[in-house]
Amino acid sequence: NSATAYPFSIPSTLPSSLLSTPAAAQRFRDLYMSRMTQAFGGDLDKIRREEGFDDSRLAVLVNSLEAGVDIFTEMEKEIGVLGEGVE
């Protein structure tokens with residue numbers, strides 16, 4: 001019964017997610033929303049100027065945009081936060 005020796009140690013527990021705190025998760029949400037409004041600013045402005053657009057419709061629009069955050073995996077979110085400001 002021979003054990004394999006590795007040139008590195010394997011931690012007994014995996015590190016927790018960088019986004020495990022509410023503040024870190026909020027940071028990704030803010031980054032995501034900033035990128036969305038930059039990318040679709042013209043379209044969002046057209047929607048905002050439509051007749052009948054009020055606070056309740058604004059809330060629906062914001063909630064809809066925020067729902068897009070959930071399409072990313074935790075790792076993708078962490079990479080996004082870590083890469084923030086890197087161009």
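## How two helices cross

Axes here are lines fitted to C-alpha atoms, for helices over the stretch in contact, and angles run from 0 to 180 degrees between N-to-C directions. With that in hand, let's look at this predicted model, starting with H1 and helix H4 (residues 74-82), whose axes come within 10 Å and cross at roughly 75°. Because angles of 65 to 115 degrees count as roughly perpendicular, H1 is roughly perpendicular to H4.

Which residues meet where H1 and H4 come together? On the H1 side they are Ala 24, Arg 27, Phe 28 and Leu 31, and on the H4 side Lys 77, Gly 80 and Val 81. Sorted by class, this contact of H1 with H4 has four nonpolar residues, two charged ones and one polar one.

Now for the charged pairs: the structure holds five salt bridges. One of them joins Glu 66 and Arg 29, with 2.5 Å between the closest N and O atoms. This pair links distant parts of the chain, as Glu 66 sits in helix H3 (residues 55-67) and Arg 29 in helix H1 (residues 22-39), 37 residues apart.

Are these two partners buried or exposed? Glu 66 has 25% relative accessibility and so counts as partly exposed. Arg 29, with a relative accessible area of 22%, is partly exposed too. The cut-off matters for reading these values, because buried means under 20% relative accessible area.

## Asp 45 and its two arginines

Over in helix H2 (residues 41-48), Asp 45 is worth a visit. Arg 48 forms a salt bridge with Asp 45, and the closest N and O atoms of that pair are 2.5 Å apart. Arg 48 and Asp 45 are three residues apart in H2, so about one helical turn separates them. Arg 49 also forms a salt bridge with Asp 45, the closest N and O atoms here being 3.1 Å apart.

How accessible are the members of this group? Asp 45 is partly exposed, at a relative accessible area of 28%, and Arg 48 is partly exposed as well, at 49%. Arg 49 has a relative accessible area of 55% and is exposed, because the exposed class covers values over 50%.

Which residues do salt bridges with shared partners join into one network? They are Arg 29, Asp 30 and Glu 66.

Definitions and conventions: Residues numbered from 1 in each chain as written. Predicted model: local features only at pLDDT ≥ 70, side-chain atom pairs only at ≥ 80, totals over all residues. Heavy atoms only, no water. Salt bridge = Lys/Arg side-chain N within 4 Å of Asp/Glu carboxyl O. Helix = DSSP H or I, 4+ residues; strand = E, 2+ residues; numbered from the N terminus. Buried < 20%, exposed > 50% of the residue type's maximum accessible area, 1.4 Å probe, protein only. Parallel < 35°, antiparallel > 145°, perpendicular 65-115°, else oblique. Contact = heavy atoms within 4.5 Å. Nonpolar A, V, L, I, M, F, W, Y, C, P; charged D, E, K, R; others polar.
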